[in-house]
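I opened my notebook to look up a few things in this structure. My entries follow in the order I made them.

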Amino acid sequence: MNDLLDIYKRIEYLRNKGVKMKEIADHVNMAASVLSSLYSSVLPAFVSCVKKDMPEEDALDYALSQVNNVSKKRLLGNLTELKESLFELEPAMNNGQKDNPFMNMLTEEMSRSVQDVYNYSGIYISYSLSSSSDSLKIEPYLIAPSENNDYVKVAHMSAYNTTHWGVGIFSNHQNSYIMFNERETPQVALFTIYLQLPMYEYPRMLKGLYLCLDYNRNPIARRILFIKYSDSTCMDDFLELEGELVPKDKLTEEQLHYYNYTCQEGDYIKTCTVPSPQLNEKDLEREKKMLKI
């Protein structure tokens with residue numbers, strides 16, 4: 001079972017180096033959808049359960065029950081071969097693609113951010129408004145330097161316990177930008193968080209806004225709070241945590257403060273798709289009326 005953790009870390013390494021999930025899947029002779037489920041759902045759940053002292057066999061059974069496209073028999077039967085194939089795959093070197101000044105700037109900022117992230121590294125619990133109900137959405141985040149200290153690595157555990165991996169830019173101790181892809185490749189659905197950075201050493205609270213797509217792929221913006229949970233940057237500690245949706249009537253006194261800050265009218269901006277659009281000013285009026293329903 002130790003091979004499962006090695007496989008998880010190797011896939012994470014390859015993804016962080018820019019190797020596409022389809023390329024990894026082709027190399028290990030596995031369907032991209034199966035490999036994505038393994039990486040984003042099965043392996044994080046397995047690690048989390050083992051950390052809670054669940055027997056490894058039971059942990060794997062539980063993790064596999066979260067998806068419907070990964071076979072236990074096939075996974076265990078090909079475990080050694082899968083691990084060897086993953087460690088044979090290396091990220092491609094830069095092949096002289098055309099220079100892109102904006103991408104170069106982002107790369108430089110990501111590298112420079114490693115020097116500043118020490119003030120904000122650790123595990124945070126985020127609070128924001130749920131899209132599906134009048135509930136407080138509670139989700140863990142990990143902010144830490146990457147293994148090679150060449151960028152800031154950010155991990156997100158959703159309220160449905162799906163793990164996303166992204167990058168962070170921390171600019172002059174004033175603002176932070178955190179970016180993820182919420183969907184499995186080759187789909188792209190950017191999830192972007194803009195945080196204000198207070199002029200304090202090791203702040204326990206960060207606040208800002210985030211922009212993402214709702215279930216119908218309409219843009220939506222909300223307030224978000226990050227509350228420091230731990231100074232640990234250990235992935236195992238992060239994977240022990242779970243996200244959740246908490247209804248208003250079950251909030252603690254502390255959580256109620258966070259709900260009042262993030263979940264009131266004016267704390268979010270929604271958009272929607274107008275049926276049979278005419279592509280004129282009337283659509284704007286119709287959309288505003290629909291959003292009030």
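Entry 1: I sorted the residues that line the second largest pocket, and they divide into 6 nonpolar, 6 polar and 6 charged. For this sorting, Ala, Val, Leu, Ile, Met, Phe, Trp, Tyr, Cys and Pro count as nonpolar, Asp, Glu, Lys and Arg as charged, and the others, Gly among them, as polar.

**Ground rules.** I am reading a predicted model, where local features need pLDDT of at least 70, side-chain atom pairs count only at pLDDT 80 or more, and totals for chains, interfaces and linings use all residues. Residues are numbered from 1 along each chain as its sequence is written, and side-chain values use heavy atoms, with hydrogens and water left out.

**Entry 2: the pocket itself.** I looked up the volume of the second largest pocket: about 460 Å³. Of its 18 lining residues, the closest to the centre are Ser 158, Tyr 160, His 164, Glu 182 and Tyr 215. Strand E2 (135-145) and strand E7 (205-213) are the elements that give two or more residues to this lining. My note on terms: a pocket is an open set of points on a 1 Å grid over the protein atoms alone, where a 1.4 Å probe fits, with protein on both sides within 12 Å along at least five of seven lines; lining residues have an atom within 4 Å of a point. Grid points are joined across faces, edges and corners, and the volume is the space filled by probe spheres set on the points. Strands (E, at least two residues) and helices (H or I, at least four) are DSSP runs, numbered from the N terminus.

**Entry 3: Ser 158.** I found Ser 158 in the loop between strand E3 (152-157) and strand E4 (163-171). Is Ser 158 buried or exposed? Ser 158 counts as buried, because its relative accessibility is 6%. Buried means under 20% relative accessible area, exposed over 50%, partly exposed in between (1.4 Å probe, protein chains only). Not counting residues up to four places away in sequence, Ser 158 touches Glu 139, His 164 and Gly 243. Contact means heavy atoms within 4.5 Å.

**Entry 4: Leu 79.** Leu 79 is in helix H6 (residues 79-88). I noted 8% relative accessibility, so Leu 79 is buried. Leu 79 and Ile 7 are 72 residues apart in sequence, yet 8.7 Å apart in space, C-alpha to C-alpha. Leaving aside neighbours within four places in sequence, Leu 79 is in contact with Asp 3, Leu 4 and Ile 7.
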